[in-house]
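Visitor: I'd like to go through a few residues here. Can you take me through them?
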Amino acid sequence: LLGGENPAVGAVKFYFTDLPDIDYRFSGIAAVANLPLIKKLCRLAVNKVVCNMLVRPNFQMMEFFEYKKQDFSHGINDPIGVLRVTAVSAKGLTGSDWHLFSKSTSDPFLQVVVGDQIWQSSSVTKTCDPVWPETDTYEFIVYDKTQVVSITVFDSDCFSSDDQLGRPAPVQVVDAVKLSGKPLPLFEEAKFMVRGKPYTSGPGKGELRMSFTWLNSIEPRSSKTQSEGFLLQVDIGKIIVPVRHAKSVQVRLRVAEREAQSRYVKSPMDRVQAVVNTVDGVLKNIIIKGGELGLSAKTLSQQTGLEEGVVVEVLKGEDASVSTVVAATVNFDSSIAIPVKSVHVQSGEEVTIEMRERSGAVVARGKIKLSDALLSTASKEHTRVHLDSTEKEGGGFAADVRVFLKELQVATLDK
């Protein structure tokens, strides 16, 4: 980005296209975390944090100085389509579960990763040649056709860490479509290499068959031809939150069984706190002067918008904070996308929008109808949506959003 009158780097934006392989080992008193089940939970937690922070469409940004405010999400958050992945079958898998009077079997399931999205199929019990139901499918949002599809076959274990049964060679989305329905050899280890062939190691451990379908996103058609579904996209410009929640905020969308969330966005709390301190002083002076004039706490509460209990504390001379009425405007500049089924659009299914703190607690919630999003698809303007607080303290929550739908259509994907 350019800033100032002369060419200069004003900010650096960095992210991963795919979830990186993170290898770590605990030592000392933390060595207990190397136990298989605990290490699995730690791995899942670390992967989730990395996905939410740095894996596309999420990103981090380092600003070197202030200039004209720009939408830093531009060019990174717009999906190019959807990859529909369906688990089909496998054969010749390793039997991990020992049986006294019969040969060993497994309870295989799949874990598929594309970008910051992780999907787990159902388990097929007691077999080394599983066939998954046709409904075992998931639609991945794709932001770049060079993103990598990573698949791992696991044996489901209730009381220990799931055993890895094998991995096919990871491939880019553009190549995965060409492998639909074809046998994929499984290896003990397989990694995608940016240059050259994928790295694989270990003896063959059976083979896997998957179905990959590419869906382009297009403008909604007026014809009544069968639709493959829709892609809901919500562009978020600014959000307004009470200052007590302005330090770090995340927005989450939920439609039926699917949900997606943005990165956490921080606000410049030093400036916000300066405003809070100023408003605190002004409101306290108003309350004190009003009390000297004989105005009741109820009247002052109505005049200032503060809770009556807070007004009473100020009149008593107690060190009460009146900052609950101060709202911070945060430049969010993020986009969230979710695939939705045609039936959900036709039935007027609602989109739930939530704001969350870093702790994961939901502090505000609102809803819009998918049918309204379809009507506003042509608009390029942001609309302010007000959210209801989930807390006793209340406060004003709002978001400037542009909500629109793209129709999904089966298509070919070329390099």
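This is a predicted model: local features need pLDDT of at least 70, side-chain atom pairs count only at pLDDT 80 or more; totals for chains, interfaces and linings use all residues.

Visitor: Okay. Is A256 buried, exposed or partly exposed?
Guide: A256 has 36% relative accessibility, so A256 counts as partly exposed.

Visitor: Where is A256 found?
Guide: In the loop between β15 (248–255) and β16 (258–261).

Visitor: What about the phi of A256?
Guide: Phi of A256 is near 50°. That is a positive value, and A256 is not a glycine.

Visitor: Let's switch to D333. What is its phi?
Guide: About 45°. D333 is not a glycine either, yet its phi is positive.

Visitor: Which element does D333 lie in?
Guide: Strand β18, which covers residues 327–340.

Visitor: And is D333 buried or exposed?
Guide: D333 is buried, because its relative accessible area is 11% and the cut-off for buried is under 20%.

Visitor: New topic: S371. Where is S371 found?
Guide: In helix α7, residues 370–375. S371 counts as partly exposed, because its relative accessibility is 27%.

Visitor: What does S371 touch, leaving out residues up to four places away in sequence?
Guide: S371 touches V345 and G348.

Visitor: How many Å separate the C-alpha atoms of S371 and F404?
Guide: 9.8 Å. Along the chain, S371 and F404 are 33 residues apart.

Definitions and conventions: Residues are numbered from 1 along each chain as its sequence is written. Side-chain values use heavy atoms; hydrogens and water are left out. Helices (H or I, at least four residues) and strands (E, at least two) are DSSP runs, numbered from the N terminus. Buried means under 20% relative accessible area, exposed over 50%, partly exposed in between (1.4 Å probe, protein chains only). Contact means heavy atoms within 4.5 Å.
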